[in-house]
Amino acid sequence: MNLYEFSQRALMTAMLVYSASFFIYMIALGGKKWSSRKSPERTQKWGWYGFAAAAVGLAAHVTFFVTRWMAAGHIPTSNMYEFMTMLAMAIMMAFIVIYLIYRNVLLGAFTLPLAVIIIAYASVFPSEIQPLIPSLNSNWLRLHVTTAALGEAFFAVGFTAALVQLLRVVDFTRTDKAGMRARRWVESFLLVILIVVGFLISVFSFRIAGYEVEYRQVKVSVDQFGQQTTTERLVTYNLPPIVKPHGGEIMAADTFLGTTDSLFEAPSWLKGVNADRKLNTILWSIISGLILYGLLRLIARKQLGAVIHPRLSDINPDDLDEISYRSIAIGYPLFTLGGLIFAMIWAQVAWSRFWGWDPKEVWALITWLFYTAYLHLRLSRGWIGAKSAWLAVVGFLVVLFTLIGVNLVIAGLHSYAGVS
Amino acid sequence: MLFENTKCECGHQNPVGTVLCEYCGMPLIEEIKTDPASPLEMRYDGMARRSQKSNPNLVDRIWRFFSSVRVAVWLIVLTLIGAALGTIYPQESTFINLKTSEEFRNYYKQEYGTMGEIYHALGLSRVYESWWFVGLLVMIGTSLVICSLDRVLPLYRALSKQQVRKHLQFITRQQVVYQGPEPQDRMAWLDKFEQALKKKRYRVWRDGDALMAEKNRFSRWGPYINHIGLIIFLLAILGRGVPAWNMDQYITLYDGETQQIPNTHYYVKNEKFTVEYYSDEELPQSLKGTVRPKLFNTRAILYECTANCDDPSKEPVLVEVKKHDIRMNQPLTYKGLSLYQFDYNDKPKLLSVSPVLVDKTTGEKYGPIHLSIRDPALTYEAGPYTLTLKDKFMDFGGFDSEGRPMSKSREPNAPAFIFIIKGPDLPENGETYIYFPNQIDKVRFGQDILNKALVDKLELRVEGMENVSIAENASTLNVRMDRAMPFVWTGAGIFLFGVVIGLYWNHRRIWLRFDDGVLSLGAHTNKNHYGLKTELAVMMNKSGIEVTVERLDNRRKTV
């Protein structure tokens with residue numbers, strides 16, 4: 001077993017231990033409701049077990065990071081796989097800091113699945129070690145990426161606390177207009193999370209099954225001088241085609257449910273790199289997320305928020321409000337330093353200008369502006385409670401768009417290879 | 001006109017707009033007085049601000065507009081939206097080969113359809129240079145200045161003259177409050193409590209049986225410091241518009257070539273450019289067989305001209321000031337001047353030739369003369385003949401409609417030189433001779449036909465490759481000077497410092513007094529109530545008063 005394989009196993013271990021930690025936290029919480037004797041000592045005891053497991057998981061995760069660094073000869077932060085696994089590691093570090101300040105069991109029950117989901121998402125990308133291209137070989141870049149990830153990790157913990165807070169304060173018995181609206185929003189947010197889970201489940205199930213279908217697409221375009229050019233494009237789907245490339249013909253295909261046909265064809269106006277395959281993946285995610293949601297609703301026979309809500313009744317929403325805000329307040333200077341200042345220094349050294357309005361730069365600025373607005377609204381305009389919690393939730397969505405969405409949707413200097 | 005009485009019970013005369021008495025902290029405004037249970041609004045310690053002036057004139061109104069945090073948040077949100085819109089499609093500035101508005105319009109239409117056309121028509125394809133986006137940034141800058149001034153002065157006054165004994169309502173309406181029976185020995189307990197406070201690094205003041213404790217006041221200046229940093233940052237960016245502060249140009253240098261950096265007294269030499277690629281063993285499975293660059297390196301020397309710099313007739317005196325390997329992420333920097341690796345060209349290029357002048361009738365050879373392609377001398381002596389350079393073309397492109405020779409570019413792809421040759425058996429004014437150093441150009445452009453007057457008499461000819469000097473690589477460097485950068489970094493640094501002291505430390509104050517056997521204690525912090533409550537509970541328990549963290553909480557329930 002070489003160093004690279006060892007580091008891959010360390011990551012797998014970390015993920016399994018994180019999942020175990022998540023279940024321990026669930027026991028710590030569930031115990032409150034299930035056992036007849038409500039015992040804070042019991043919750044606290046299991047909370048510490050969960051925390052210990054999370055710490056062991058983090059140790060394995062750090063082992064992964066260090067051994068991969070040694071194997072590659074450079075810090076593993078240079079592509080989507082490496083960045084996402086590091087982000088998960090940073091989230092666990094931020095979690096441990098915040099947990100030691102507030103000792104809140106709920107935080108564990110919600111942050112650990114987030115870390116697991118992010119590692120799973122990272123695993124969608126190719127994990128092999130790639131040598132650095134010259135522009136990425138910079139200490140400023142390394143500082144930029146790691147510090148920014150740490151800042152974003154605190155935003156992530158702030159997000160989980162805010163999400164729990166919303167689940168806690170939104171009243172699932174209310175039937176008036178405003179009450180219904182709040183319930184619907186929380187419920188849709190849970191659905192979004194399930195869609196992400198659905199995406200992971202579908203990608204990994206078909207990857208394990210080794211499913212593949214290849215299309216050939218011929219494009220004829222006429223330039224301004226009336227000259228015709230024909231381009232041929234081969235595209236491989238790893239998920240069964242719900243929507244096939246516009247005018248694509250099958251070259252080779254595995255069958256799914258006894259057929260190789262697709263339901264739809266991508267519209268011709270769909271542009272962008274592999275936009276048809278991305279659309280197919282998105283459709284799969286939404287459908288599997290909806291199925292998952294439907295199943296859970298069938299089992300629970302009520303809104304999912306209403307299932308979670310009563311389990312949170314012991315917790316003081318003010319404390320969650322404080323945790324969320326505090327976490328963001330810790331993350332904000334780190335993000336400013338890593339996401340903007342180090343990034344500008346790197347840009348100055350590498351590209352000879354500290355700012356170039358590249359989409360990734362702009363979205364880092366947008367993230368910063370968003371949290372700046374959050375802090376002003378909270379500190380000067382008194383937005384606390386649910387309002388501030390919604391902002392913290394939306395803020396993390398902005399972070400995710402900056403990290404992932406920009407690379408998927410908008411091309412620029414930061415686009416990585418191997419995006420599904 | 002409504003007359004507002006701002007004199008407090010305690011006798012202190014407060015400025016109009018004061019919320020809490022500057023001296024004792026008693027609430028002064030009616031709506032606050034009427035709800036005695038609710039926690040007080042403690043912003044800026046209830047001081048009057050300039051923006052709250054009654055009967056505002058125009059300046060006051062502008063001041064009020066920009067001093068509002070609500071306006072500031074709107075400006076931030078609008079900037080955010082504007083910035084986001086600019087990322088939908090690539091900005092115009094990313095296309096170097098398109099110039100006119102017409103070209104851009106066609107490009108966006110062709111590439112992104114109707115949406116692209118609308119995008120371009122709305123000006124979203126150049127958002128970041130648009131008047132409204134720059135206007136928003138200027139307004140944010142204004143808001144930063146006015147917001148800070150409006151708040152920092154009253155806050156400074158409030159914090160620099162604090163009273164130890166506060167009004168009872170001021171204490172009991174803080175967000176963290178304790179009320180309970182007084183301990184048996186009031187003064188002994190106060191001493192003990194003071195010790196506990198000091199252990200937590202509080203500064204303590206006492207006035208009879210009233211006490212005030214405070215720590216981390218500096219953290220209150222954090223927001224104003226970070227705003228100053230941002231103002232410096234924004235001004236520095238404006239300063240980058242000053243042409244004399246800014247230089248951005250490109251220089252292409254062959255291996256071994258030295259060139260002056262235009263408009264400076266600096267010269268730069270490219271000793272050798274190298275490019276390295278990853279070998280197949282270094283590449284992972286999926287990348288094998290692909291070309292993946294590992295290193296671009298220009299071994300560069302920077303010279304400073306110390307004499308004869310502006311005199312074209314004399315050779316400038318150059319002194320080496322810096323030697324550096326310019327790579328990606330490792331620019332050469334010297335006194336604010338930076339040279340970056342930008343591009344390279346690995347097509348071999350002719351640097352110089354040393355032809356001889358052959359007398360075709362006798363076969364006699366004169367010379368050789370040394371002809372530098374990029375930087376040729378004006379006159380040459382070859383035996384009895386004198387050659388004067390009349391014109392040169394780097395990328396000869398034939399003749400225009402009026403029969404004049406022309407150059408396609410400044411790149412020496414097809415160099416051509418026009419000489420006037422004087423000497424024996426030649427007219428007094430000399431004869432024109434066009435010379436193509438590249439054999440292929442000689443044939444392509446018909447050198448012998450162009451030189452028909454001399455073709456049987458004289459010829460410039462290169463004898464052997466040892467008389468040709470060729471560069472394998474050319475390196476393009478980006479030369480930059482940006483005098484505003486130190487201010488940009490200073491602004492960013494000050495901003496970060498302000499944010500850190502404002503967010504990582506919290507200003508905490510505790511007041512207490514005794515009334516009719518009741519101890520009333522109120523505590524205030526601008527951020528992190530949780531920490532204050534926990535700390536206070538620990539200190540009170542130490543002093544002998546048992547209290548839980550929850551009991552100290554006097555906040556309205558957050559919903």
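Which residue of β7(B) is the bridge partner of B:Asn270? The residue is B:Ala300. The model is predicted: local features need pLDDT of at least 70 and side-chain atom pairs count only at pLDDT 80 or more, while totals for chains, interfaces and linings use all residues. Residues are numbered from 1 along each chain as its sequence is written, and chains are lettered from A and ligands numbered from 1 in the order in which they are written.

The bridge belongs to the pairing of β6 (residues 266–277) with β7 (residues 293–307) of chain B, which is antiparallel and runs over 11 bridges. Strands pair if DSSP finds at least two bridges between them; helices (H or I, at least four residues) and strands (E, at least two) are DSSP runs, numbered from the N terminus. In chain B, four strands form an open antiparallel sheet in the order β5-β6-β7-β8. Its edge strands, β5 (258–260) and β8 (317–326) of chain B, each pair on one side only. From one strand to the next, the twist averages 25°.

Chain A has 11 helices and five strands. Its radius of gyration, taken over C-alpha atoms, is 23 Å, close to the 22 Å that the globule rule gives for 420 residues, so chain A is as compact as a globular protein of that length. The rule is 2.2 Å times the number of residues to the power 0.38. Along the principal axes, the C-alpha atoms of chain A fill a box of roughly 75 × 55 × 55 Å.

An automatic or database domain assignment divides chain A into domain 1 (3–172 + 302–409) and domain 2 (190–301). The C-alpha centres of these two domains of chain A lie 29 Å apart. Their contact (C-beta atoms, placed from the backbone, within 7 Å) takes nine residues from domain 1 and 10 residues from domain 2 of chain A. On the domain 1 side, α4 (105–122) and α8 (304–308) of chain A each supply at least two residues. By class, that side has seven nonpolar, one polar and one charged residues. Ala, Val, Leu, Ile, Met, Phe, Trp, Tyr, Cys and Pro count as nonpolar, Asp, Glu, Lys and Arg as charged, and the others, Gly among them, as polar.

Helix α4(A) also packs with α3 (residues 80–102) of chain A, at an angle of about 170° and with axes 8 Å apart. Axes are lines fitted to C-alpha atoms, for helices over the stretch in contact, and angles run from 0 to 180 degrees between N-to-C directions. The two helices, α3(A) and α4(A), are therefore roughly antiparallel, a label for angles over 145 degrees. Residues making the contact include A:Phe95 of α3(A) and A:Leu114 of α4(A). The contact of α3(A) with α4(A) has 16 nonpolar, three polar and no charged residues.

How values were computed
Contact = placed C-beta atoms within 7 Å. Parallel < 35°, antiparallel > 145°, perpendicular 65-115°, else oblique.
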